Amino acid sequence: MKPVVFLPELIAPAGMDLLRGHCDLRMPWKTGEPMRPEDYRRHLYEAEGVIVRLCKVTAEDMEKTSRLKVIGKHGVGVDNIDIAAATAKGIIVVHTPTAPSIAVIEFTIGAMLALGRKLGPADAAIRDDRYRDRLKFMGIEFHGKTLGVVGLGEIGGGVARAASAGLGMKVLGYDPFIDKEKYAGPAVIEDSLEEMLPKVDVLTLHVPLTSGTHHLMNRERLRLLKADCLLINAARGSVVEQDAVVEVLQKNHIGGAVLDVFEQEPLTADSPLCKLDNVILTPHIGSATPDSLDRMAVGAAQGVLDALQGRRPQWVYNHEVFA
């Protein structure tokens, strides 16, 4: 009998094709009807494998299922999966840490350029027949400016290289998990976030959401930034204290921000962020390219299939499960 694999959210066809033939795929979204919470849990509790994008798999879910063997995360961050509970139950968690890297690196550089050159307000002026306002949209040149990168992993490291080699920016980095002696990238590694923040013209965040990074950029740290500093967050919404970033943007304590992620998603139209003209808001699209979605779907599917067929997957998040 084929193992049951639950796909609560749409993934690229390449991922489904990899599983099809080996697994009994449960894809209730194909009916076009919204999935109720009780339907989600029923399918989850019957499955031996599941691939999630934004859907959560909680400790309670894992207590109530006796069949689940592997959880695949379509993406990098696993904050929607209770890793401790999965490990305690011997459930393998796989993810796709390299699959979205190119898309998010390019998104970050593009977001920085769009914000710095005020492309959003300039576009709005043309559409509102305000061509004469063109001199209000004086931008900045990034060559020679200082970029601060928080998190120098696959994505943050790629942003550092692109900004240094492609734009001629100076790069500072903060990552407590980097060995300064072995690091060979273009960033000058700072010993503390507090030392780095006052020095940068642009700050970009590339860390997972953990207990240690929750509100990493809080009110106190945001106030350490220069008055014209640009902030980019394409990591996880709760890495930044959202009320605090609203405050510094309202008071022009920083130059502007691009926010692709939020503490509560979707962001609603009544959010104070939507009333600000010094912020670009995007709906969690940093990794949204066909190539990236294909890589994530195939990577998650391959990891789930490997686990179900008795092979050790390439990208296991909770290695302790094998101990």
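**Exercise 1. Strand pairing around E11**

Task: In E12, which residue is the bridge partner of Val258?

Solution. The structure is a predicted model, in which local features need pLDDT of at least 70, side-chain atom pairs count only at pLDDT 80 or more, and totals for chains, interfaces and linings use all residues. Residues are numbered from 1 along each chain as its sequence is written, and side-chain values use heavy atoms, with hydrogens and water left out.

Step 1. The bridge partner of Val258 in E12 is Ile280. Strands here are DSSP runs of E with at least two residues, helices are DSSP runs of H or I with at least four, and both are numbered from the N terminus.

Step 2. Leu259 in E11 is the bridge partner of Asn233.

Step 3. Together, E10, H10 and E11 form a right-handed β-α-β unit. Right-handed means that, with the strands pointing away from the viewer, the path from the first strand over the helix to the second runs clockwise.

Step 4. E11 is covered on both faces: Gly256 and Val258 on one side, and Ala257 and Leu259 on the other, are all buried. Buried means under 20% relative accessible area, exposed over 50%, and partly exposed in between (1.4 Å probe, protein chains only).

**Exercise 2. Salt bridges**

Task: State how many salt bridges the structure holds, and describe the pairs Arg221–Glu194, Asp201–Lys226 and Glu38–Arg36.

Solution. Side chains of opposite charge can pair when their charged atoms come close.

Step 1. The count is 23 salt bridges, each being a side-chain nitrogen of Lys or Arg within 4 Å of a carboxyl oxygen of Asp or Glu.

Step 2. Arg221 and Glu194 meet in a salt bridge with an N to O distance of 2.7 Å. Arg221 lies in helix H9 (residues 219-222) and Glu194 in helix H8 (residues 193-196), so this pair ties together parts that are 27 residues apart in sequence. Arg221 is partly exposed at 22% relative accessibility, and Glu194 is partly exposed at 36%.

Step 3. In the salt bridge of Asp201 with Lys226, the closest N and O atoms are 2.9 Å apart. This pair links distant parts of the chain, 25 residues apart: Asp201 is in the loop between H8 and strand E9 (202-205), and Lys226 is in the loop between H9 and strand E10 (230-233). Asp201 counts as buried at 16% relative accessibility, whereas Lys226 counts as partly exposed at 30%.

Step 4. Salt bridges that share partners join Arg36, Glu38, Asp39 and Arg42 into one network. Glu38 is partly exposed, with a relative accessible area of 44%, and Arg36 is partly exposed at 47%.

**Exercise 3. Backbone geometry**

Task: Determine where His215, Asn252 and Pro266 are placed, and describe the backbone at each.

Solution. Most residues other than glycine have a negative phi, and most peptide bonds are trans.

Step 1. His215, although not a glycine, has a positive phi of about 55°. His215 is placed in the loop between E9 and H9 and is partly exposed at 23% relative accessibility.

Step 2. Asn252 also has a positive phi of about 55° and is not a glycine. Asn252 is found in the loop between helix H10 (242-250) and E11, and is exposed, with a relative accessible area of 53%.

Step 3. The peptide bond from Glu265 to Pro266 is cis, with omega near 0°. Pro266 belongs to the loop between strand E11 (256-259) and strand E12 (279-281).

**Exercise 4. The overall fold**

Task: Describe the protein as a whole by its secondary structure, burial and contacts.

Solution. 

Step 1. The protein has eleven helices and twelve strands.

Step 2. Of its 323 residues, 50% count as buried.

Step 3. Among contacts (heavy atoms within 4.5 Å) with a separation of 6 or more, residues 24 or more positions apart account for 60%.

Step 4. Along its principal axes, the C-alpha trace spans about 70 × 50 × 30 Å.

Notes:
Two strands pair if DSSP finds at least two bridges between them.
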